Amino acid sequence: MAQQIKYHSLSIFLGGGCNLDCSYCFIDKENLKKIIPNVPELKRGISFFLKHSIKEPTINFTGGEPLLYWGELKELIEYLKRNEKKRAFIVLSSNGTLLNKERSEFLAENNVGLSISLDGKQDVNDVNRVFKNDKERSVFKTVWKNIKNLNKEKIKISLIFTPSTVNHLTENIKFFVENGFRLIDFYPEVYGLWSKNQLNILKKTFSEFSITKGLEKNSENFCCQQLNLGPDGNFYLCDKVFSFFDKRRKKYIVGRGGGIDKAKRENLLRKAKKGILKITDSKCSKCPCQEYCFCPIGLYLWSQENKKDFKKHFQTFCEISKIYISNFLKITRAD
Ligand code: SF4
Ligand code: SF4
């Protein structure tokens, strides 16, 4: 009998609308912003997820910028709170530019965790993160003003570093720590191509870190336990499919409020895995890092649909993964 999947997280993509125009953004914002969130279907999707998830799952509201959908977001959070048979950690991933007192209070009252995207100090953050309609205005200053009086211990900073900002990674992490933030996630831009020199800078930077928490195994790699709800109320295979519009995105619908088409989902995952192994000469299946690696499926789908050279992009993805894994594992063993 097929094993019953218990999903550990649900990502709700509220819509493609966004007031920023970040250089590394992969979302098809212009087209996806035309879709209005279908709140009744999203509620059915949430309800399905809660029935089939682990004990304390995570529900993450994303976009685009989810605060542009404040009415719908509020209604969904209130729905979750009213129907709380199961405790879920609710997180809002936001660019932070549209936070205000009323919104912050509502989110705090409802125990919604905030994950704010900021790449570092103003001079680094504003290189890649800019307002769509006002390139001169500082995104950093706007966000800083909105979050500086909030409880910083409850805010997670989500920092992206790119080939052009990697040499500032350490000073930017320090900057947030010195300003009272304790939760800082930092991710490389894996959709870009990194030169040898830039990878060496990353390697050197990581080797200087003093990290006390080791890397957790991700043995479900290639067998995703995250569900992704789109604004139309459909479940999608992977969050990266929001970089495609309509026909191409719809190929990856794997269910709707009432349930998941498990056979279709597994088949699409299997097909992607087969494609990755074929192009990379089965590199991953022989790799000792396999249990800890980031999932390459999103990158594969993105490359296929956007006619990018997956092999080339995979090389960067793989090298960055190995730098992460070898450093974090080394530090864990040294504990
Ligand atoms: S804030 Fe997020 S959705 Fe908006 S442009 Fe930046 S990366 Fe894209
Ligand atoms: S480190 Fe590279 S080869 Fe190893 S599992 Fe990750 S992507 Fe595959």
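Me: Helices (H or I, at least four residues) and strands (E, at least two) are DSSP runs, numbered from the N terminus. Where is the place of isoleucine 54?

Reply: Isoleucine 54 belongs to strand β2, residues 53-62. This is a predicted model, in which local features need pLDDT of at least 70, side-chain atom pairs count only at pLDDT 80 or more, and totals for chains, interfaces and linings use all residues. Residues are numbered from 1 along each chain as its sequence is written, while chains are lettered from A and ligands numbered from 1 in the order in which they are written.

Me: Which residues does isoleucine 54 touch, not counting those up to four places away in sequence?

Reply: Contact means that two C-beta atoms, placed from the backbone, lie within 7 Å. By that rule isoleucine 54 touches Lys6 and His8. Its C-alpha atom is 9.5 Å from that of alanine 88, 34 residues apart along the chain.

Me: Phenylalanine 13: buried or exposed?

Reply: Burial is a count of other C-beta atoms, placed from the backbone, within 10 Å of the residue's own: 20 or more is buried, 12 or fewer exposed, and anything in between partly exposed. Phenylalanine 13 has 25 such atoms and is therefore buried, whereas isoleucine 54, with 13, is partly exposed. Phenylalanine 13 lies in strand β1, residues 7-13. Beyond its neighbours within four places in sequence, phenylalanine 13 contacts Thr62, Gly63, Asn228, Leu229, Gly230, Pro231, Asp239 and Phe242.

Me: Which residues have the most contacts inside the largest nonpolar core?

Reply: In soluble globular proteins, nonpolar side chains tend to be buried together. A nonpolar core is a set of buried Ala, Val, Leu, Ile, Met, Phe, Trp, Tyr and Cys residues joined through C-beta atoms within 7 Å. The largest one here has 62 residues, and Ile12 and Val241 have the most contacts inside it. Leaving out residues up to four places away in sequence, valine 241 touches Tyr236, Arg249, Tyr252 and Leu301.

Me: At what angle do helix α10 and helix α11 pack?

Reply: Two packed helices are described by the angle between their axes and the distance between the axes. The axes are lines fitted to C-alpha atoms over the stretch in contact, and angles run from 0 to 180 degrees between N-to-C directions. Helix α10 (residues 262-279) and helix α11 (residues 297-305) pack at about 80°, with axes 10 Å apart. That makes α10 roughly perpendicular to α11, a label for angles of 65 to 115 degrees. Leu269, Ala272, Gly275 and Ile276 of α10 meet Ile297, Tyr300 and Leu301 of α11. In α11, 7 of its 9 residues are buried, including Trp302.

Technical notes:
Angles under 35 degrees count as roughly parallel, over 145 as roughly antiparallel, 65 to 115 as roughly perpendicular and the rest as oblique.
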